[in-house]
Amino acid sequence: MSYLEHSVEKIGGTSMSDYASVRDNIIKQPDNASGDLYQRIFVVSAYGGITDKLLEHKKSGQPGIYALFSDAIEEDSWVEAFENLEKQLLDINHELYGDTDLLEKANAFLYERLKSAKDCLLDLQSLCKHGHFSLDEHLDTVREMLASIGEAHSAYNTATLLKRDGVNARFVDLTAWQSTEHVSLDERIKEAFSDIDLSKELPITTGYAHSEDGLMRTFDRGYSEMTFSRIAVLTNAREAVIHKEFHLSSADPRLVGEENAVPIGRTNYDVADQLANLGMEAIHPKAAKGMRQQAIPLRVKNTFEPDHAGTLIDTDYVSDKPCVEIIAGCKGVYAIELFDQDMAGNLGTYDEKYLAVLKRFKVNIISKDVNANTITHYVSTNLKTVKRICQALAEISTDAEVSQRKVAIVSAIGSDMHVPGILAKTVRALADSNISVLALHQSMRQVDMQFIVSDQDYDQAIKSLHACLVEVHDHGDAICVAS
């Protein structure tokens with residue numbers, strides 16, 4: 001493989017669903033200075049919504065094939081979901097290829113994957129009806145197998161269509177479909193790219209990559225970002241690029257208005273980590289780690305505005321003067337509070353037990369606060385899981401009071417927020433909008449402030465903080481708060 005001045009670029013699912021825009025706005029408008037069509041590696045997501053159908057909906061939790069299969073071994077509800085997805089994928093193929101010979105080949109590729117996966121699930125379902133076999137032992141493998149179908153489908157199609165349209169694209173399949181060889185992620189990537197000449201070929205790579213440790217056990221739905229990151233690190237990319245359907249902006253334009261939200265332009269990996277913690281990731285923190293250590297900058301671009309430079313994220317950037325760069329947050333968060341009078345002086349023991357319960361239920365912890373006799377975790381999960389957590393906590397701490405509340409988290413984030421009085425100014429802005437602050441957090445690192453508010457106050461809180469802390473008239477100074 002030629003280790004030259006190349007980029008590694010990831011295309012998100014919503015963008016992937018618009019092939020013409022991917023071809024014209026990304027593939028045929030390279031960022032490198034020479035204007036060369038090649039010297040780029042593309043890592044692609046599944047088409048928009050497909051992974052939700054294969055696994056479960058990322059936000060609502062609505063079950064997909066995996067969730068239906070894992071919850072009801074005696075039922076066949078997953079079979080109907082599988083057949084519906086098959087029809088949807090075939091419809092996508094027909095829309096992309098029309099009635100051509102390429103459609104027949106694409107459908108044959110898809111059928112082979114779908115049939116193999118369905119037969120595997122049927123065999124496993126039958127096997128696990130016997131008491132000697134446990135379904136739980138195989139669910140991680142099932143989840144990875146199903147997830148791989150989405151990326152294989154989109155990567156194969158994109159490479160095929162680009163060849164049709166005059167680009168020397170190459171389908172790079174990292175899924176190890178039906179392979180008996182189990183190797184590490186790094187070995188899988190090195191082997192796949194060992195004979196690729198980036199000066200002449202354009203690799204279109206699956207976002208899912210099979211590894212002996214299993215990507216999803218650690219990263220779950222962030223697996224494609226880890227694949228993207230490791231490719232960038234192992235090939236020594238000059239830049240990593242993520243193409244999304246929106247800009248990384250000062251706030252959600254749908255809330256504060258498109259005329260008020262501005263692309264950030266530049267920030268650092270600290271800010272990216274805070275966004276990821278809120279579920280609004282530019283990139284998974286663990287995926288960013290390797291690029292951060294190797295000083296590979298990450299650029300986030302809007303697929304549908306190809307002429308815009310997007311936002312550059314690097315290791316060393318700090319704003320010219322202390323400022324707030326982004327107002328972000330998340331709704332539908334649950335505050336789970338454990339109060340016990342005996343906790344005072346024994347906080348560590350309680351904290352350890354509490355964390356063990358949360359780990360068992362595999363919930364995403366967004367934030368946490370403690371005092372002498374209370375521990376509160378703010379978690380992103382569904383109500384059913386919250387109730388199970390509360391029950392488990394009550395069982396291990398019989399004298400404790402366990403309560404839950406649905407809340408929202410709103411955060412002001414910046415690479416340097418050492419602004420005197422900024423906390424008071426922010427709380428006052430919320431109070432002026434008649435919003436009660438239930439809890440707040442500001443760390444000594446001064447890269448974010450988090451405000452816990454009622455779930456119904458989320459939208460107004462975002463608007464209030466954006467109006468108070470972000471100037472939008474001049475992009476050069478748009479994200480700076482006057483001290």
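In helix H10, the residues Tyr-223, Ser-224, Glu-225, Met-226, Thr-227, Phe-228, Ser-229, Arg-230, Ile-231, Ala-232 and Val-233 are buried, where buried means under 20% relative accessible area, with exposed over 50% and partly exposed in between, for a 1.4 Å probe and protein chains only. The model is predicted, so local features need pLDDT of at least 70 and side-chain atom pairs count only at pLDDT 80 or more, while totals for chains, interfaces and linings use all residues. Residues are numbered from 1 along each chain as its sequence is written, and side-chain values use heavy atoms, with hydrogens and water left out.

H10 is thus mostly covered, with 11 of its 12 residues buried. Helices (H or I, at least four residues) and strands (E, at least two) are DSSP runs, numbered from the N terminus. The 12 residues of H10 (223–234) should span 16 Å at 1.5 Å a residue, and the end C-alpha atoms are 16 Å apart, which agrees; the expected span is 1.5 Å times one less than the number of residues. Just after H10, Asn-236 has a positive phi of about 55°.

The strands come next. Eight of them form an open sheet with mixed pairing, in the order E3-E4-E2-E1-E5-E7-E8-E6. Strands E3 (169–172) and E6 (266–268) stand at the edges with a single partner strand each, so one side of each lacks a neighbour in the sheet. Two strands pair if DSSP finds at least two bridges between them. E3 runs parallel to strand E4 (residues 202–206), joined by four bridges, and Val-172 stands opposite Thr-205 in E4.

Further along the sheet, strand E7 (residues 298–302) has five of its five residues buried. Leu-298, Val-300 and Asn-302 point one way from E7, and Arg-299 and Lys-301 point the other way. In a regular strand the side chains alternate between the two faces of the sheet. E7 pairs with strand E5 (residues 239–244) in the parallel sense over five bridges, and with strand E8 (residues 311–314) in the antiparallel sense over three bridges. Leu-298 is the bridge partner of Ala-240 and has Ile-313 as its bridge partner in E8.

Helices H12 (residues 269–277) and H13 (residues 285–293) pack at an angle of about 170°, with their axes 10 Å apart. Axes are lines fitted to C-alpha atoms, for helices over the stretch in contact, and angles run from 0 to 180 degrees between N-to-C directions. H12 and H13 are therefore roughly antiparallel, the term for angles over 145 degrees.

Methods:
Angles under 35 degrees count as roughly parallel, over 145 as roughly antiparallel, 65 to 115 as roughly perpendicular and the rest as oblique.
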